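Subject: Structure for your review

Dear colleague,

Please find the structure below, together with its sequence. My notes on what was found in it follow.

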Amino acid sequence: MSIRERLSGNEAVAHAMRQINPGVFAAFPITPSTEIPQYFAQYVADGAVDTEYVTVESEHSSMSTCIGAQAAGVRAVTATSSAGMAFMYEMLYVAASSRLPITLACVNRALTGPININNDHSDSMGARDSGWLQLYAENGQEAYDNFLQAMRIAETADVRLPIMICQDGFITSHAVENILLEEDAAVKAFVGDYTPRHTLLQGSAMAVGPYDTVAFCMEHKVQQAEAMKNAKRAILNVSADFEKTFGRKYGFFEAYRMEDAEVALVLIGSTAGTAKACVEGLREKGVKAGLIKLRVFRPFPAKELAAALSHVKAVAVMDKSEGNNGCGGPLYAETAAACYDLAHRPKMIDVVYGVAGRDCEVGDIERVYRHLLRIAETGEVGEKYIHMGVRTSEQEVL
Amino acid sequence: MAYSHKTELSKPERFVGGHRLCAGCGAGIVCRAMTRALDEGDKAVITNATGCLEVSSFLYPYTSWEDSYIHSAFENAGATCGGVEAAYKVLKKRGQIDDSYKFLAIGGDGGTYDIGFQSLSGAMERGHDMVYFCYDNEAYMNTGIQRSSSTPQFANATTSPIGTASTGKPQRKKDMTAIMAAHGIPYVAQTTFLGNFKDLHEKAHRAIYTPGPAFVNVMAPCPRGWQYPAELLPELCRLAVETCVFPLFEVIEGQWHLSYEPKKKLPVEDYMRLQGRFKHCFEPGNEWTLEAAQKDVDARWEQLLARCI
C-alpha cells in the first residue's frame, strides 16, 4: 500500500535514502540540497538507519569518500548543488571511469558565478560529459521514484556507472506536495542488496585507479562508452519493473499530447508542469501543441526523441542553462543532433530560459508556442538562439 | 618483543619488486617498511595520492601491492581512505565481513602538505581509524622537482630556481608534523631510514595499532631532486637526524617525546654539502645562506626540545 504524505522534494529523496539504508552517506551542506543530509542526520541520530554518516569537509571529499566506500563494496550516496558539484567535477570523472555505481542527489542550482542560489540546470549540465547517468524530475514524486530506481539502473552488470538523480532547486526541492511513498519493505525488496563482484574488502586483493597507459586506456574508455549505451536498456527494464511493482510509469521521456502535435517543446524538469497547463489551454483553442519532458539526459535517448519529434512542424528546445558556445544550450545541441538524420526534420529553435531562477509562467510558455506557430506557418525560423524573460524587452524575439 | 631486523625482513613482502621507482628513491622504502609493520594475518587497504609512487607502482595491468589498493586523485587520499574505512565499519556492523583490516594512506609532500592538506585534515578530525604516511621528499618530484611547502629554504627547485637574483626557495619548510599534532589525534610521529629501521618500524607499528587516526612523516630522499648519488641515501638520512634538520620524535596522546638526541649536533652544512640542490649555498658570497639555514634549524630544534617531556 502506498502512503500519501505531504513532503518537500528534498524530504522525499531523504526518505528514499532512509528506506534504502545505504552503507555510507558523505555529507556536506550546500543550498538548496542541504536538507537532504540534514534529514538523513536525524535518521542516523534516531537509529532509523545504520549507515556510516561521514561529515566531510568539502564536496571534493564527499565524492572521494563515496569512491572509497563504493570500491570497498557498499552503496555510497551524497547530495549536492551548484558549486558543490563543480568542486566534485574531477572526482565525478574518476567515479565513472572506476565504474562505481554511486548515487548522487543533485538539487539543481545555478552554477556560480555570479553567485546565485536559485534553480537552473547549469550545474549538472556542466557534468554531462563526466560519464554519469542523469535522471531529471518534474516534481517531488518523480524525484522520489527516480531515486528508488537509481541503484538498480546504475548497478546493472553491463552498466556499472554512477547516477545523478536531479530535481529543480527550491521549485521541487522545497515545495511541499502530496507524494505517494511506498512501504519500507516494498522499497527494500524492489531495490535489493548490493552484491558487487569485486571489492577492496572481500575475496582476494583488488587494485583500483591505475596509471592507465596509452596501451590500455582507450579500451577502458570505450568500455565506459559501451556501458553508457547499455544503460538505455537497463533504464527501460528497471522502469518497467517499477511500474509493475508500484504502478507509476516511466521511460526516457514523457510525451505529452504529442500524437498529433504540430508544435512542441522539449524541456527538462519542473517547467513541464507549467508547460502542460499551457498545452491544455492551447488545445482548448484548437492549437495542436505537444510537449516532451525529458527524464533521461544521460544516456541521451537520441533515436527515441527524434522519432517522437519526426511528425512535428516546429520545435522549441527549452534550455534551462546557458551553453556559452555562441549558438545555444546543451539540450538544444543534442536534440538538434538527434533529429539530423530524420527524413523530414522539424524546424527548431533554442529558447534559453529560467537562468539563475528567472521565473517562467504559463504566459511565457504560450509565447513560445505562438512563435512556433508562426514558424510553422511561414516556414521562416528567424533567430534560432533566443533568451526568454530578460529585463530589457528589446532583447525579446518572441 | 624486541625488534629484530632479521625477523622483520623474513616476513613476506607486501610491496614487491617490478615497480618503476628510481634507484635510490625513498618512497619504495617507506612502502616496504609500513606494510612490514602490519601484523601477519591482518589485511590492509592502501590508499595512494597521485604522485611518483602511484604512477610507478600501479601501471595497468601490473601492481606492486599485495594488499588491496586504491588511487583516485592527487588531493584526496585522506577522504578516499576515510570512505574505505567507513565502508569497513558498516560491513562489520552488519556482520558482513570477518577479516581484520587496517587502513593506510600514503602520499608525497605535495599530496600531503599542499594540495591534499584539506582532505587529510578533515579525515584526521573526523577520527577515521587510519594511518596517513607522508613520504616527504621535499618537492613535486613526479612533475619534475617543483617546490612545495615542504621544500627547505635555499633549495634549488624548478619553480624556485637559483639565478643572479635568487638563492633558491625563499620560504622556510612548513612544519607539517606539528600541524598534524595540533589536530589532537592519538598518534603523530616523524622518522626516516636509519640503521636497522627500528625507529621507522616501531613508529609505523604503533601508528597502525593505535585506534583512531595517526600521521607519520617519513623523510624519504629523492636522488633526482636532491641531486645526490643513490648510494648516499642512508648517509643523507643519518645526517638529517644528526644535524637536527629532521629530528625523530613522537606525539602520543598530545605528549611530545624525543626519540633520539644527537650526542654532538653536527652543523647543517654537513647535510647540505652532499646535495646538489644546495650547491650554490657553498659559493663565495652565499655564506649567509648557510648561516640562515643553521639558525633556522637551531630555532626549530630548541622549540622541539621545549615541547618534549
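Two strands are said to pair if DSSP finds at least two bridges between them. Strands (E, at least two residues) and helices (H or I, at least four residues) are DSSP runs, numbered from the N terminus. The model is predicted: local features need pLDDT of at least 70 and side-chain atom pairs count only at pLDDT 80 or more, while totals for chains, interfaces and linings use all residues. Residues are numbered from 1 along each chain as its sequence is written, and chains are lettered from A and ligands numbered from 1 in the order in which they are written.

Chain B as a whole

Chain B holds 12 helices and 12 strands. Its radius of gyration (taken over C-alpha atoms) is 19 Å, close to the 19 Å that the globule rule gives for 309 residues, so chain B is as compact as a globular protein of that length. That rule is 2.2 Å times the number of residues to the power 0.38. The C-alpha trace of chain B spans about 70 × 45 × 40 Å along its principal axes. Of the 309 residues in chain B, 53% are buried; a residue is buried if 20 or more other C-beta atoms, placed from the backbone, lie within 10 Å of its own.

Strand β1 of chain B and its partners

Strand β1(B) covers residues 43–48, and five of these six residues are buried, so the strand is largely enclosed by the rest of the structure. On β5(B) (residues 101–108), β1(B) has a parallel partner, joined by six bridges; here Lys43(B) is bridged to Tyr101(B). A parallel pairing over four bridges also links β1(B) to β4(B), residues 68–71, where Thr47(B) stands opposite Ile70(B).

The contact between the chains

Residues are in contact if their C-beta atoms, placed from the backbone, lie within 7 Å. On this basis, 39 residues from chain B and 39 residues from chain A take part. Elements that each supply at least two residues to the chain B side include β1, β4 and α6 (117–126). Helix α4(B) gives the largest share, 13 residues. By class, the chain B side has 20 nonpolar, 12 polar and seven charged residues. Nonpolar here means Ala, Val, Leu, Ile, Met, Phe, Trp, Tyr, Cys and Pro, charged means Asp, Glu, Lys and Arg, and the others, Gly among them, count as polar.

The largest nonpolar core

A nonpolar core is a set of buried Ala, Val, Leu, Ile, Met, Phe, Trp, Tyr and Cys residues joined through C-beta atoms within 7 Å. The largest has 221 residues, and those touching the most other members are Val24(A), Val30(B), Val84(B), Ala87(B) and Phe133(B). Its largest share, nine residues, comes from α4(B). Leaving aside neighbours within four places in sequence, Val84(B) is in contact with residues of both chains, among them Gly68(A), Leu200(A), Val45(B), Thr47(B) and Ile70(B).

The domains of chain A

Chain A is divided into domain 1 (3–246) and domain 2 (253–395), with bounds from an automatic or database domain assignment. Their C-alpha centres lie 28 Å apart, and 25 residues of domain 1 are in contact with 21 residues of domain 2.

Yours sincerely

Key:
A residue is buried if 20 or more other C-beta atoms lie within 10 Å of its own, exposed if 12 or fewer, and partly exposed in between; C-beta atoms are placed from the backbone. Two residues are in contact if their C-beta atoms, placed from the backbone, lie within 7 Å.
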